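Please look at the salt bridges in this model.

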Amino acid sequence: MGCNIVLDCLDDMTGEASLRENLRGEALTLRSMYYLMLVNMYGMPYNEGDPSLNPGVPLKLTMEVRDERFPRNSVAEVYGQIEQDLLRGNRLLTEYDYNRNFLRIGHLAAKALLSRVYLYMEDWDRAIAYADSVLQVKPNLLDLNTVNWGTPRSSESLSVYATGTPDEVIWMREGYRELGDMQASDPCYMVSDELLDLYGSCNQTMVQQKTIRDIRGCLYFAWNFKMAFPSITYYRSFLSIGGSDNGVYQGIRTAEMYLNRAEGYIRKYMAGGDASYCRKALDDLNELRRHRFNNQYTYEEVNITDPDDLFQFYQEERRRELAGDWMHRWCDLRRYGMPEISHTLFETASGNKTEATLQKNRYVLPIAEEVIRLNPRLEQNK
């Protein structure tokens, strides 16, 4: 609604035309991102069945409030609107660009979102092209060796999103501030053992002596070694805890662009066997990983040439890097075929677990019954 208000009222506003058009591009880009989130919560993934037949979410593109009940547009129609908004938003933000900080949407963010959308649509060439257009301008990655990852949580610059270390930030926004004030003894959720195993060993001594190889296994989570069994709570990579800035941020980073481009190359390698795509994918993965591993050890480059093995390694690397950030894991599992996964909802100190299984029909959220009652034209997810 906020984006629609801006878009509908802009032409009646006085001021510099260039700033007006830039703001129009910003609103279009933000609206596309919100619709991308909605359609990936309430609609089937784009690559599941026929997106032109699968129900998505209603497209409401004006600010007017009128007595009308909106039906659900198809997944394909929603993606078409997202693409249209992003292409226009990117053009306006590029043409009417001006200096701004990373708290405002700019043309690099629009290009990054286009790369993300085309990845979900399995348009590998355009996913690669837009990721590349971002990285040509901003190839930066934060070297995790330069942050104080072995020090207590109150230290400054312990995040890829910290305002003091915005090296790879394309855009970020503040989220739920109360998480920034939580202690490791007050977990929002527990991280699965399967995910932790992807980073390698981590214990209190290794943290204090900085002997962890993959720094993400320490930095991206809040550890509590004082409990009966070591617990890892909420994801910390998006916490900005520099100085008095204790907000919680997420956004868009160049790390995702390296991963998006790598996946595009891997998919093309799997389809055609061209070894040059394999090399390009490995170059992107190794560039990212070099910035994530402890420089006390010699970094060993990944050199996997089997297409299926390389894709599996890529999926694990994407999970390591983007865990807890935005909706990446949710969207990735959906487009990877919506595998059946068991989640531990609660575990006692004695080891008793309460689990729930994420099956295919649970990868699409139900529409609230009260919303269905108010708008009978909405089709409920099955």
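The questions below set computed values against their definitions.

This is a predicted model, in which local features need pLDDT of at least 70, side-chain atom pairs count only at pLDDT 80 or more, and totals for chains, interfaces and linings use all residues. Residues are numbered from 1 along each chain as its sequence is written, and side-chain values use heavy atoms, with hydrogens and water left out.

Q: Why is the contact between K360 and E48 called a salt bridge?
A: The term needs a side-chain nitrogen of Lys or Arg within 4 Å of a carboxyl oxygen of Asp or Glu. K360 and E48 meet at 3.1 Å, N to O, so the pair qualifies. The two sit 312 residues apart.

Q: Why does K360 count as partly exposed?
A: Buried means under 20% relative accessible area, exposed over 50%, and partly exposed in between (1.4 Å probe, protein chains only). K360 has 42%, so it falls in between. E48, at 24%, is partly exposed too.

Q: What makes R292 and E321 a salt bridge?
A: Their side chains meet at 2.9 Å, N to O. That is within the limit, so the term applies. R292 lies in the loop between α10 (275-290) and α11, and E321 in helix α11. Helices here are DSSP runs (H or I, at least four residues), numbered from the N terminus.

Q: How do you know whether R292 is buried or exposed?
A: Its relative accessible area is 0%, so R292 is buried. E321 is buried as well, at 0%.
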